[in-house]
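Trainee: Could we go through this model together, one question at a time?
Mentor: Happy to, let's take a look.

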Amino acid sequence: MKTKKNLLDLYHNLLRIRLVEEEIAQKYKEQEMRCPVHLCIGQEAIAAGISSLLHKEDIVFSGHRSHGHYLGKGGDLAKMIAEIYGKSTGCSLGRGGSQHLIDLEVNFYGANPIVAETIPVAVGTGLAQIYQKTGNIVAVYFGDAATEEGVTYESLNYASLKNLPVLFICENNLYSISTHIRERQPKRNIYKIALSSGIKAYSGDGMDILQVLELTKKSLSYIRKNKKPVFIEFMTYRFLEHVGPNPDPAGSRPDKEKNYWRKKCPVKQFEKYLLGKKILNLEIKAKIISRIKKEIQDAFLFAKESPYPERNLEERQAYA
Ligand SMILES: Cc1ncc(C[n+]2csc(CCOP(=O)(O)OP(=O)(O)O)c2C)c(N)n1
Ligand SMILES: [Mg+2]
């Protein structure tokens with residue numbers, strides 16, 4: 001499974017998410033993207049790793065920090081950038097923006113910024129897979145703060161009770177906006193919440209893509225074989241502010257903590273691994289970067305040149 005080609009594809013997909021996010025951050029200052037953006041720089045290994053093991057038919061849901069999840073699932077980069085620019089060629093026809101990506105062509109059933117909102121929808125979609133006998137898995141990504149919402153507990157309970165094929169993925173980056181988890185929850189591991197609902201659950205290092213692969217592989221085969229849900233908590237960290245293209249406002253998170261996590265950068269870690277195994281070298285790296293940069297350039301051009309959506313009559317009346 002871990003062939004040289006697979007590993008290089010994985011590196012490409014991981015780096016692609018990073019470079020796309022960096023370009024969004026760079027261009028955001030031009031003020032042509034008018035919706036808020038929650039960038040996932042630092043957290044990319046989870047999206048890249050999990051996506052590489054999901055089948056095309058499997059279904060994904062996400063929340064407000066969804067660019068990596070969308071791209072990982074095979075979402076079209078140009079359509080995503082156009083969506084963030086509010087253009088009619090966007091994956092949500094320019095009416096959703098960064099936090100409402102949806103693309104049925106790749107079974108990305110949707111991202112929504114209401115914390116925990118897509119969790120029960122994913123569970124319902126899991127139930128539909130049973131009724132329709134599709135054999136597909138539904139994967140839902142959410143942050144640590146989603147485990148402070150009542151509906152998450154109801155959803156875990158129901159998924160467990162009905163043996164639904166759902167992969168719950170908690171990206172625990174320690175923060176809900178600027179509040180650390182120790183000020184919001186009792187001292188415990190989040191994955192244990194799922195255990196208490198009778199759901200198989202793991203916790204792992206979300207900065208290490210190899211660990212993401214290992215836990216995901218185990219979880220997906222468990223779901224497919226046993227027809228039961230699995231919950232994975234991945235420890236991770238975002239490198240920029242909660243929302244927007246900048247580093248954190250001074251003092252909002254401790255420097256010591258930020259430096260600790262920066263050293264665990266998932267891109268650098270995986271690069272080091274591949275270089276050490278002589279799977280990657282500087283020449284291949286340069287080629288991958290230039291291929292991604294060309295794709296990004298084309299996507300931004302496409303977005304900028306695309307038209308805004310038309311306002312139809314009903315909309316005009318609503319605005320009147
Ligand atoms: C129900 C609800 N309450 C509050 C908010 C405001 N809000 C937006 S993002 C966010 C923090 C989410 O933290 P987490 O789920 O851990 O994801 P992260 O931003 O860390 O990736 C909050 C409280 C919201 N969108 N929805
Ligand atoms: Mg969080």
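Trainee: How many of the eight residues of α2 are buried?
Mentor: Keep in mind that this is a predicted model. Buried means under 20% relative accessible area. Helix α2 is mostly covered, and its buried residues include Glu 44, Ile 46, Ile 50 and Ser 51. The number of buried residues in α2 is eight of eight.

Trainee: Is α1 oblique or roughly parallel to α2?
Mentor: Helix α1 spans residues 4-28 and α2 spans residues 44-51, with their axes 9 Å apart. The two pack at an angle of about 140°. Angles over 145 degrees would count as roughly antiparallel. The angle here therefore makes α1 oblique to α2.

Trainee: Which class of residue has six members in the contact of α1 with α2?
Mentor: From α1, the contact uses Leu 10, Asn 13, Leu 14, Ile 17 and Arg 18. From α2, it uses Glu 44, Ala 45, Ala 47, Ala 48 and Gly 49. By class, two of these residues are polar, two are charged and six are nonpolar.

Trainee: Nice! Now to another part of the chain: is Phe 231 buried or exposed?
Mentor: Phe 231 lies in strand β8, residues 230-235. Leaving aside residues up to four places away in sequence, Phe 231 touches several others, among them Phe 142, Leu 156, Phe 168 and Tyr 202. Because its relative accessibility is 0%, Phe 231 counts as buried.

Trainee: What separation do the C-alpha atoms of Phe 231 and Gly 97 have?
Mentor: Along the chain, Phe 231 and Gly 97 are 134 residues apart.

Technical notes. Residues numbered from 1 in each chain as written. Chains lettered and ligands numbered in written order. Predicted model: local features only at pLDDT ≥ 70, side-chain atom pairs only at ≥ 80, totals over all residues. Heavy atoms only, no water. Axes fitted to C-alpha atoms, helices over the stretch in contact; angles between N-to-C directions. Helix = DSSP H or I, 4+ residues; strand = E, 2+ residues; numbered from the N terminus. Parallel < 35°, antiparallel > 145°, perpendicular 65-115°, else oblique. Contact = heavy atoms within 4.5 Å. Nonpolar A, V, L, I, M, F, W, Y, C, P; charged D, E, K, R; others polar. Buried < 20%, exposed > 50% of the residue type's maximum accessible area, 1.4 Å probe, protein only.
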